[in-house]
Amino acid sequence: MSEHDRTQLGAYALGALEPGEAEAVDEHLATCEECRAELAELNEMKDFLGEVPPEAFLEGPPEGGDLLLQRTLREVRELEAEPPVPVAAKRRSRSRWLLVAAALVVVAGALGGGIAIGRSTAPEASNAPTAGSKQVTTTDTASGATMATTVEPRTGWSWVQVHVSGLKAGDQCVLLVTDKTGKSWTAGSWVVSEKAAKNGSTFAGGVLIPLDQVGTVEIRTVQGQQVVKTAI
Amino acid sequence: MAVTESTSAALVWAPADPGIVRSVGDTPAPHDAETLIRTLYAEHGRSLLAYATRLTGDRAAAEDVVQETLVRAWKHAADLTTGKGSVRGWLLTVARNIVTDRARARAVRPAEVADVLDKPPVSVDHSESVVNTMVVMDALDKVSPEHREVLVQLYYRGRSVAEAAKELGVPPGTVKSRSYYALRALRAVLAGQEAEVSR
């Protein structure tokens, strides 16, 4: 390709030329600034194409029957039967969306962060704790374990998350949450891996205690030894 | 423990960008939920399921993702009437977000807890590509069918010029020139959209 043949450049950019043809284009590009500029533009389009997955060009219903369709229809019928029905009245569904949007704005405000409502159709879940959460960090002098505890309020119950370091690999642990009447709930149990022992790890679970009734959060071994405990 | 699903459910209700999704020519009235779901399933089901299966690596999980995607589409039906981006692009984007959200939810589940620190969520922030997927799909909708076809063959299916020529029943030289003009046309469409936005 000693002279301009731009029509080769599209297939070249898309990597569809035969090796010999591509070499010829390479040789020409080495000497032709104009074609290099053109190729840069075509490459940019190739990058754009990468934003769309190849599956986007499959047509029709899935193969293998319509069980999935039936399940989806059933879910929609059930949702439709529940008031308020989101699509029964456009106005009503809109106002509901606006309420939720308003709620999200309030939460975003409370966290001091910004959630770009409307930028994405399915907003990202925030990693920051819910407003009203309680956070405590404790180190147990005997075991040497440090536990950063976050208790998030839920309706009638709580979500307890702990980040723990200083645990021993192989320890079988239980996360216990005790309410103010002294009743204990297990929020889960696990075994400490080598990595978790070295780098610390995060563990979480739900307990049926309203946030204001949570008394203490503690990690015990299955053998009953207390590892670290904190009052909330 | 599988709590994150229900707590994040509120997010499902966040308003869609008004006008992000263009109406399909024969989209039924939004209140006809069953017809809407059936239509979306018949037109986009295969594409969605294949995409979700690749992302999750699991057919059963993928089916759940498709189901949730269709339910969301129905919930947003009232708002999905005008605007930019194809319905297909919207559905694929929502499916991807669901997969991402679920991967995050799994990351706080106890059984996998020891590995949490080693496995950051699969993706950090899709909001940029959320826009781009739909913009590019929309642009591909606007170029001619011949141009779209040759890009699908060469780029998305990874065919060589010779293979695409055979597939499309045209000479290799035509595949080459067509792919060049297809990329130019795509650029023109995208440039036109930018001009529209910046006005």
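For residues 6-36 of chain A, UniProt lists "domain: Putative zinc-finger" in an unreviewed entry; UniProt positions are given in the numbering used here, feature names are shortened, and annotations may be inferred rather than shown by experiment. The structure is a predicted model, in which local features need pLDDT of at least 70, side-chain atom pairs count only at pLDDT 80 or more, and totals for chains, interfaces and linings use all residues. Residues are numbered from 1 along each chain as its sequence is written, while chains are lettered from A and ligands numbered from 1 in the order in which they are written. Over residues 6-36 of chain A, 77% of the chain is helix and 0% is strand, with the end C-alpha atoms 10 Å apart. Helices (H or I, at least four residues) and strands (E, at least two) are DSSP runs, numbered from the N terminus.

An open sheet of 4 strands in chain A has the order S1-S2-S3-S6, with antiparallel pairing; two strands pair if DSSP finds at least two bridges between them. S1 and strand S6 (201-207) of chain A each have a single partner strand and stand at the edges, so one side of each is left without a neighbour in the sheet. On average, neighbouring strands of this sheet are turned by 15° against each other, direction ignored; axes are lines fitted to C-alpha atoms, for helices over the stretch in contact, and angles run from 0 to 180 degrees between N-to-C directions.

Within this sheet, 6 bridges link strand S1 (residues 134-139) and strand S2 (residues 146-153) of chain A in the antiparallel sense. Thr139(A) stands opposite Thr146(A) in S2(A). The hairpin of S1(A) and S2(A) has 6 residues between the strands, and Gly144(A) takes a positive phi near 80° there. S2(A) is in turn joined by 8 bridges to the antiparallel strand S3 (residues 158-165) of chain A. Bridge partners in S3(A) include Ser158(A) for Pro153(A) and Gln161(A) for Thr150(A). In the hairpin of S2(A) and S3(A), with 4 residues between the strands, a positive phi near 85° is found at Gly156(A).

Another open sheet of 4 strands in chain A has the order S5-S4-S7-S8 and antiparallel pairing. Its edge strands, S5 (184-191) and S8 (226-231) of chain A, each pair on one side only. The twist from one strand to the next averages 15°. Strand S4 (residues 172-179) and strand S7 (residues 214-221) of chain A run antiparallel and are joined by 7 bridges. Leu175(A) has Ile219(A) as its bridge partner in S7(A).

Chain B contains 9 helices and 0 strands, and its pattern along the sequence is α-α-α-α-α-α-α-α-α. Among contacts in chain B with a separation of 6 or more, 69% are between residues 24 or more positions apart; two residues are in contact if their C-beta atoms, placed from the backbone, lie within 7 Å.

The largest nonpolar core has 61 residues, and those with the most contacts inside it are Ala52(B), Val66(B) and Ala95(B). A nonpolar core is a set of buried Ala, Val, Leu, Ile, Met, Phe, Trp, Tyr and Cys residues joined through C-beta atoms within 7 Å. Helix H3 (residues 33-56) of chain B contributes the largest share of this core, 10 residues. Apart from this core lies another, of 26 residues, among them Val151(A), Val177(A), Val227(A) and Ile232(A).

Key:
Buried ≥ 20, exposed ≤ 12 C-beta atoms within 10 Å, placed from the backbone.
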